[in-house]
Amino acid sequence: MTDKKFTWYFEDFVPGEVIQLGQRKVTEEEIITFATQFDPQSFHIDKEAAKKSIFGDVIASGWHTCSMIMRMVVDGFLADSSSMGSPGVDEVRWILPVRPGDTLTVTAETTGSKASTSKPDRGVINTVWKAVNQHGQTVCTINGMGMFGRRPQS
């Protein structure tokens, strides 16, 4: 780890704390562009086929939704943190479809923290990332963990 001073270290994540990460409006163009490259199912890329699907219109790929959430998490705090990466996520839930014109509001809630006993320069933070649409409906949750460096001793 470098000597860079970050805003967010392991010690700054308090269980129960919710970090507001802002909003993002989703466009039909980005839904189709993402899905064409990464998840080309008809209800993500073809308006006519999507009308005949159970969704009635084009919807964002769940992976696109996760990618948008990830970008907001990086912009919201990870880019200015002592992040050492993630050992993984435990659960992703796509609860409701994300549609063109939806505005997603994303939060990150710290649900737990554990300092490493074998490597005292770091710890693991457990979080729930949640995306809510403009109607206040939860559309996606991601339960995961991240490794963060401890605040350097002065």
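These questions and answers walk through the sheet of a predicted model.

Here, local features need pLDDT of at least 70, side-chain atom pairs count only at pLDDT 80 or more, and totals for chains, interfaces and linings use all residues. Residues are numbered from 1 along each chain as its sequence is written, and side-chain values use heavy atoms, with hydrogens and water left out.

Reader: In what order do the five strands form the open sheet?

Author: Good place to start! Strands are DSSP runs of E with at least two residues, and helices are runs of H or I with at least four, numbered from the N terminus. Two strands pair if DSSP finds at least two bridges between them. The pairing in this open sheet is antiparallel, and the order is β1-β3-β4-β5-β2.

Reader: Which are the edge strands?

Author: Look for strands that pair on one side only. Those are β1 (18-25) and β2.

Reader: How many bridges join strand β4 to β5?

Author: β4 covers residues 122-132, and β5 covers residues 138-149. They form a hairpin with five residues between them, and Gly 136 in the turn has a positive phi of about 80 degrees. One of the bridges links Val 124 with Met 147.

Reader: Which residue in β5 is the bridge partner of Val 92?

Author: Strand β2 (residues 88-94) pairs with β5 in the antiparallel sense over six bridges. In β5, the partner of Val 92 is Ile 142.
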